[in-house]
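My notes are in the order in which I looked things up.

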Amino acid sequence: MSAPSVPPVPPPGPEITYAECRQCGTLIAGLDGRYSCGVCGWVNHHSEGHRPLPRAEDDIDHTAGGAEDNRLS
Ligand SMILES: [Zn+2]
């Protein structure tokens, strides 16, 4: 296990997908099957995404203890 190899599975992370807005028909880009139309404001349900939404527990930047992250760059 010395040579790095390309994993046989797609890398984790959002995948850009395209679809027509179901309300106004504009071709819109989304991530993992989730879309938000900038023309009419239509959005599809998050459950239509290709993968489950990340949970707070999965966020490595999640700060425990109930502290809010209020940094404003
Ligand atoms: Zn639309």
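The notes below go from the whole chain to single residues.

**Ground rules.** I am working with a predicted model, in which local features need pLDDT of at least 70, side-chain atom pairs count only at pLDDT 80 or more, and totals for chains, interfaces and linings use all residues. I number residues from 1 along each chain as its sequence is written.

**Whole chain.** I looked up the elements and found zero helices and three strands. Helices (H or I, at least four residues) and strands (E, at least two) are DSSP runs, numbered from the N terminus. From the N terminus on, I read the elements as β-β-β. I then looked up burial: buried residues make up 5% of the 73 residues in the chain. I call a residue buried if 20 or more other C-beta atoms lie within 10 Å of its own, exposed if 12 or fewer, and partly exposed in between, with C-beta atoms placed from the backbone.

**The sheet.** I count two strands as paired if DSSP finds at least two bridges between them.

**β1 with β2.** I noted five bridges between β1 and β2, in the antiparallel sense. Ala19 stands opposite Ile28 in β2, and Tyr18 has Ala29 of β2 as its bridge partner. Is β1 buried or in the open? Of its five residues the number buried is zero, so β1 lies largely in the open.

**Along β2.** I remind myself that in a regular strand the side chains alternate between the two faces of the sheet. In β2, Ile28 and Gly30 point to one face and are buried.

**The loop between β1 and β2.** The hairpin of β1 and β2 has six residues between the strands, and Gly25 takes a positive phi near 85° there. Cys24 is also found in the loop between β1 and β2. I list Cys24 as exposed because it has 12 C-beta neighbours inside 10 Å. Leaving aside neighbours within four places in sequence, I find Cys24 in contact (C-beta atoms, placed from the backbone, within 7 Å) with Cys37, Val39, Cys40 and Trp42. Cys24 and Val39 are 15 residues apart along the chain, and their C-alpha atoms are separated by 7.9 Å.

**β2 with β3.** I noted two bridges joining β2 (residues 27-31) to β3, and the two strands run antiparallel. Gly30 has Tyr35 as its bridge partner in β3. β2 and β3 form a hairpin with two residues between them.

**Asp32.** Asp32 is partly exposed, with 17 other C-beta atoms within 10 Å. Leaving aside neighbours within four places in sequence, I list Pro14, Glu15, Thr17, Gly49, His50 and Arg51 as its contacts. Asp32 and Gly13 are 19 residues apart in sequence and 8.8 Å apart in space, C-alpha to C-alpha.

**Contacts overall.** Last, I looked at contacts between residues at least 6 apart in sequence: 2% of them join residues at least 24 apart.
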